[in-house]
Amino acid sequence: LLVSKDLGKHLLEVEDLLQKHGLLEADISAQTERVQALNAAALKFSELEGYQPCDPQIICNRVNHVQTCLEELEELAAKRRKELEDSRQLWTFFQEMEEAEAWIREKEKILAAKSCGRDLSSVLTLTNKHKTMLGELGNRRALLHQTMKKGEKILAKKSFSSAGVQEKMREVCLLWKKLEEVTGLHQQRLEDALSFFQFSADTDDLVAWLQDAYRIASSDDFGHDEHSSRALLRKHRAVVEQVEKHRATVLSLRQQLALLAPDHRQGVDVQIRVVEVEQLYGEVAEVAVLRTQWLQDALAVYRMFGEVHACEVWVDEKEQWLQRMEVPEELDEVEVVQHRFESLDQEMNSVMGRILDVNQVVQQLLDAGHPSSDEVRSCQDHLNSRWNRVVELVESKKSQLSSVLKIQNFLLEC
């Protein structure tokens with residue numbers, strides 16, 4: 001049993017042989033105690049004095065022979081255990097290498113069948129799965145490294161043929177290298193896909209924002225009075241500011257497109273998409289400028305209407321006062337009225353400045369082709385007409401006062 005050359009043809013068989021060898025070693029250990037007891041008893045016969053049933057030398061030779069046979073048996077047992085353990089180490093190596101090889105081929109099939117996703121969500125899901133697989137790859141790499149060390153130890157012992165061990169190590173190393181290359185390529189494809197779909201998602205968000213901005217900027221609501229127009233202009237300026245902030249984003253689209261993988265950036269659809277975004281931004285910026293002008297014009301019109309209304313209120317008041325006023329004949333009363341007209345002249349100068357400002361604003365609106373030009377001109381003409389009528393009334397009353405004053409002075413001189 002101990003000189004047998006059967007060291008097993010696979011790991012399970014070696015484990016079985018080791019189990020049987022363990023039983024044999026247990027038997028040898030039990031026989032060792034028996035032999036030692038028998039040898040001790042035999043040596044007593046060699047030490048007898050007087051009558052000796054056997055020659056003491058024969059007894060000693062017999063004891064030595066049995067002890068030598070036992071020692072040889074123990075040496076053979078130790079040698080076979082070492083050979084069996086070396087065999088187990090060898091077949092453990094081959095089994096671990098086969099498991100590694102099977103794992104590598106399985107991952108290769110999985111990577112070969114994997115797609116890179118159809119949208120941003122699926123790419124992110126696949127990227128997370130790939131990160132998990134990279135963790136598994138790292139763990140498997142550590143195990144394979146340990147197995148390779150076992151193979152190097154087997155080769156160093158030179159107790160078995162090294163050809164099979166070296167061939168298996170070379171074969172698995174090549175498979176592992178190929179797996180890492182495939183993994184790297186798949187990761188690069190995922191990163192390219194992620195960049196493309198992220199670019200597409202950002203572009204879609206930008207288009208949605210531009211469309212909303214265009215809807216706001218193209219509104220025909222310019223307010224119904226000065227307050228509402230000023231509020232709309234304030235909101236619109238915030239929109240214009242946001243449009244300006246998005247200019248850099250739109251201008252960077254082509255740079256971002258150039259950074260995408262060739263398969264993605266050379267697609268006709270994505271190139272058309274970039275052109276559409278640029279055109280849409282141009283339209284939004286143009287409409288925003290026009291709406292700014294329209295709101296400013298609307299605000300100017302409402303301000304002008306407000307100023308006209310204020311002037312007309314003053315004109316109404318003075319016109320009614322002038323129409324009701326009768327030129328007195330007494331000197332004292334004439335002087336009082338004359339002082340009132342001096343104050344009126346100051347007011348008229350102030351109002352005249354406001355009316356000139358109104359006429360200037362009206363002319364600017366007319367020159368710009370404002371859509372309410374007819375209404376604005378009509379309002380201007382009405383105000384100027386009423387102002388001229390007031391001026392005529394004032395001049396008429398002043399003339400009457402002047403005549404009365406001359407008569408009174410003449411009477412005083414007389």
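**Exercise 1: Helix 2 and helix 3**

The crossing of helix 2 and helix 3 is left-handed. The structure is a predicted model.

Task. Determine how helix 2 and helix 3 are oriented relative to each other, and state the classes of the residues in their contact.

Solution. 
1. Helix 2 covers residues 56-113 and helix 3 covers residues 120-157.
2. Their axes cross at roughly 150° and come within 10 Å.
3. An angle over 145 degrees counts as roughly antiparallel; helix 2 and helix 3 are therefore roughly antiparallel to each other.
4. The contact of helix 2 with helix 3 has 11 nonpolar, five polar and eight charged residues.

**Exercise 2: Helix 5 and helix 8**

Task. Carry out the corresponding analysis for helix 5 and helix 8, including the handedness of the crossing.

Solution. 
1. Helix 5 (residues 226-251) packs with helix 8 (residues 268-324) at an angle of about 160°.
2. The axes of helix 5 and helix 8 are 9 Å apart.
3. With the limit for roughly antiparallel set at over 145 degrees, helix 5 and helix 8 are therefore roughly antiparallel to each other.
4. Helix 5 makes a left-handed crossing with helix 8.
5. In the contact of helix 5 with helix 8, 14 residues are nonpolar, five are polar and eight are charged.

**Exercise 3: The largest pocket**

Task. State the volume of the largest pocket and identify which helix supplies the largest share of its lining.

Solution. 
1. The volume of the largest pocket is about 220 Å³.
2. There are 15 lining residues, and those closest to the centre of the pocket are Q296, A300, V361, Q364 and L365.
3. At least two residues of the lining come from each of helix 8 and helix 9 (331-367).
4. Helix 8 supplies the largest share, with eight residues.
5. By class, the lining of the largest pocket comprises seven nonpolar, three polar and five charged residues.

**Exercise 4: An aromatic pair**

Task. Classify the aromatic pair formed by W103 and W176, and locate both residues in the chain.

Solution. 
1. The structure holds six aromatic pairs, one of which is formed by W103 and W176.
2. The ring centres of W103 and W176 are 6.2 Å apart, with 25° between the planes.
3. Planes under 30 degrees apart count as stacked, and the pair of W103 and W176 is stacked.
4. W103 lies in helix 2 and W176 in helix 4 (residues 162-217).
5. The two residues are 73 residues apart, and the pair links distant parts of the chain.

Terms used. Residues are numbered from 1 along each chain as its sequence is written. This is a predicted model: local features need pLDDT of at least 70, side-chain atom pairs count only at pLDDT 80 or more; totals for chains, interfaces and linings use all residues. Side-chain values use heavy atoms; hydrogens and water are left out. Axes are lines fitted to C-alpha atoms, for helices over the stretch in contact, and angles run from 0 to 180 degrees between N-to-C directions. Helices (H or I, at least four residues) and strands (E, at least two) are DSSP runs, numbered from the N terminus. Angles under 35 degrees count as roughly parallel, over 145 as roughly antiparallel, 65 to 115 as roughly perpendicular and the rest as oblique. A crossing is left-handed if the near helix is turned anticlockwise from the far one by less than a right angle, and right-handed if clockwise. Ala, Val, Leu, Ile, Met, Phe, Trp, Tyr, Cys and Pro count as nonpolar, Asp, Glu, Lys and Arg as charged, and the others, Gly among them, as polar. On a 1 Å grid over the protein atoms alone, a cavity is a set of points where a 1.4 Å probe fits but cannot get out, and a pocket is an open set with protein on both sides within 12 Å along at least five of seven lines; lining residues have an atom within 4 Å of a point. Grid points are joined across faces, edges and corners, and a volume is the space filled by probe spheres set on the points. Rings of Phe, Tyr and Trp (its six-membered ring) pair if their centres lie within 6.5 Å; planes under 30 degrees apart count as stacked, over 60 as edge-to-face and the rest as tilted.
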